[in-house]
Amino acid sequence: MSRRVVRQSKFRHVFGQAAKADQAYEDIRVSKVTWDSAFCAVNPKFLAIIVEAGGGGAFIVLPLAKTGRVDKNYPLVTGHTGPVLDIDWCPHNDNVIASASDDTTVMVWQIPDYTPVRNITEPVITLEGHSKRVGILSWHPTARNVLLSAGGDNVIIVWNVGTGEVLLSLDDIHPDVIHSVCWNSNGSLLATTCKDKTLRIIDPRKSQVVAERFAAHEGMRPMRAVFTRLGHIFTTGFTRMSQRELGLWDPNNFEEPVALQEMDTSNGVLLPFYDPDSSIVYLCGKGDSSIRYFEITEEPPFVHYLNTFSSKEPQRGMGFMPKRGLDVSKCEIARFYKLHERKCEPIVMTVPRKSDLFQDDLYPDTPGPEPALEADEWLSGQDADPVLISLKEGYVPPKHRELRVTKRNILDVRPPASPRRSQSASETPLSQHTLETLLEEIKALRERVQAQEERITALENMLCEVVDGTD
C-alpha cells in the first residue's frame, strides 16, 4: 500500500478566528446599495465603511482603536449627491482616501487624526470626467498620487490627484460594463474583466491590450481578476450552469488555464483578496458566511485548497488590512473586517507557532508607505517595484501628514514650507493653518496673557503701595 504524501507548506494550518464582541464596531448602518464592491476599506490607522445616508452618499471613518458602539451622531464623510459605490485608501498616505459615486464623480479626502466635530463635507479635490456612475477605484501601487477610476460609461481614467489632471483615458477598449480592474505589483499593467466575458491585460500608457482571453469563465455573471506574485492572473467567475469557479491563467499562454476548479452553486460574486507575501488568495462571496482560502504555488495543481473559515452571519462586504497593519507578534498573516447589517467584525488569520520570536519566513519585507515614483515619471514610461519595509520591529503608522494645497501638487506629502505668521488667526481660513502653526499661535497668546497678568499684578502692587502711603 502506498502512503499518501502530505504537501509541505507552512500555511497548511492557517486558521481564522472572529474577534471578541468588544473588538467589533457596533451600530453602523451599512449601505444597502446593490453593487459588487467590498463597501469597506482599512489601513493601519482607520476603518472606512460605506453607510446608508439620506439625500446623497456617505461613508464613516473610524480610528481602528474606536471599537464598541458607534454613536449615531458620529461625523460622516458626506459630499457626494448620489450613493457611494467604492472607497480606497491611498497606499502612500494613511490619511487620504478616495471615494467613487453614482453621481459620476470621484472625490479625494484628507482624514484628520483627531475625531472631527462635524461631518467632513469638503474634499481636497473632486475629479470629474466620467459621464455615468463610477463604481471602481484603485490607487497605483508605486507612483505618488496616481488613481484609477472605472465607470458605467465603460471608460477607465487614470488621474494625477495632485493636480486634478487626467493622465490617461482608456475609452475604446471595453465595449460593455467593466466588472473589475487590478494593477500588477509595479503598476505597469492592468488586468480587467468586462460584461463581454473577456479577460484583458492592458498596458495603460500605450492604451493597448497586451493579451486577452474570451470566456475565461463561461457564465454570464460577473468575473473578477487579480495579478499574482509570479505574474499569473487569478480569476473567479461562473460556469455555464451557474456554478462558481476559480481559475489561474498565464498571460503568455491564454489558450489553456493553468488551473480551473469548480466550487459550489451560489449567486454571490466571489471577491478575491490576494496576499503576494504568502501567495494566499482569500475568497469572500457577498452573501456568503464563509471565507475560503487557497495557496498558489508553482507545483501542480497550482491552486491548493487550505481551509474555510465559517460563521453564522452572511457578509455584506469585506475590508482587507495591508500587511503592515498586522500584529506580527501573534503570527497574524491576514485580517479581515466583515460587514454585517449593523456592525463590522474583525476576523484574524493566524499561523500557529510556538515561538514568540519574529517569524521571518512568514513576514518577508513588504510594501511600505513611501512611493517609488512621481506621477510624471511613471507616465513617461518608468517602472519601479514598491519600496519595501521590514516588519521585524512592528510597523508604527506615521503621524498625520498634512496635504499641501498647491496648484502643482495637492497631495504632496513632503513637509510644506513653514507658513508666514499672519497678524491674526481670524484673518486666514482655518484650513490653511497646519497643526504646528495653531499650536504656535496658542503658545504665543498664552505668553502674551501671562505677560499681561504679570503687568496687572505689578500695577495692583503699586496701587497698594500708594494707598498705604496716603494712610
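Analyst: Helices (H or I, at least four residues) and strands (E, at least two) are DSSP runs, numbered from the N terminus. Two strands pair if DSSP finds at least two bridges between them. This is a predicted model, in which local features need pLDDT of at least 70 and side-chain atom pairs count only at pLDDT 80 or more, while totals for chains, interfaces and linings use all residues. Residues are numbered from 1 along each chain as its sequence is written, and side-chain values use heavy atoms, with hydrogens and water left out.

User: How many helices and strands does the protein have?

Analyst: The protein has 471 residues, and 51% of them count as buried, where buried means under 20% relative accessible area, exposed over 50% and partly exposed in between (1.4 Å probe, protein chains only). Its secondary structure amounts to 2 helices and 32 strands.

User: Which residue takes a positive phi in the hairpin of strand 24 and strand 25?

Analyst: Strand 24 (residues 270–275) and strand 25 (residues 280–285) run antiparallel and are joined by 6 bridges. Within this pairing, P272 stands opposite L283. The hairpin has 4 residues between the strands, and the positive phi, near 55°, belongs to S279.

User: How many of the 6 residues of strand 24 are buried?

Analyst: L270, P272 and Y274 point one way from strand 24, whereas L271, F273 and D275 point the other way. Residues on both sides are buried. Strand 24 is therefore largely enclosed by the rest of the structure, the buried count being 6 of the 6.

User: Which residue of strand 21 stands opposite F227?

Analyst: Strand 20 and strand 21 (residues 233–238) run antiparallel, with 4 bridges joining them. In strand 21, the residue opposite F227 is I233.

User: Which side chain makes a polar contact with the side chain of T297?

Analyst: T297 is found in the loop between strand 26 (290–296) and strand 27 (303–310), and T297 is buried, with a relative accessible area of 13%. A polar contact is a pair of N or O atoms within 3.5 Å; within protein, one must be able to donate a hydrogen and the other to accept it, and residues adjacent in sequence count only if both atoms are side-chain atoms. A polar atom of the T297 side chain lies 3.2 Å from the backbone oxygen of E299. The side-chain partner, at 2.8 Å, is H304.

User: Which residues does T297 touch, not counting residues up to four places away in sequence?

Analyst: Contact means heavy atoms within 4.5 Å. With residues up to four places away in sequence left out, T297 touches R7, F302 and H304.
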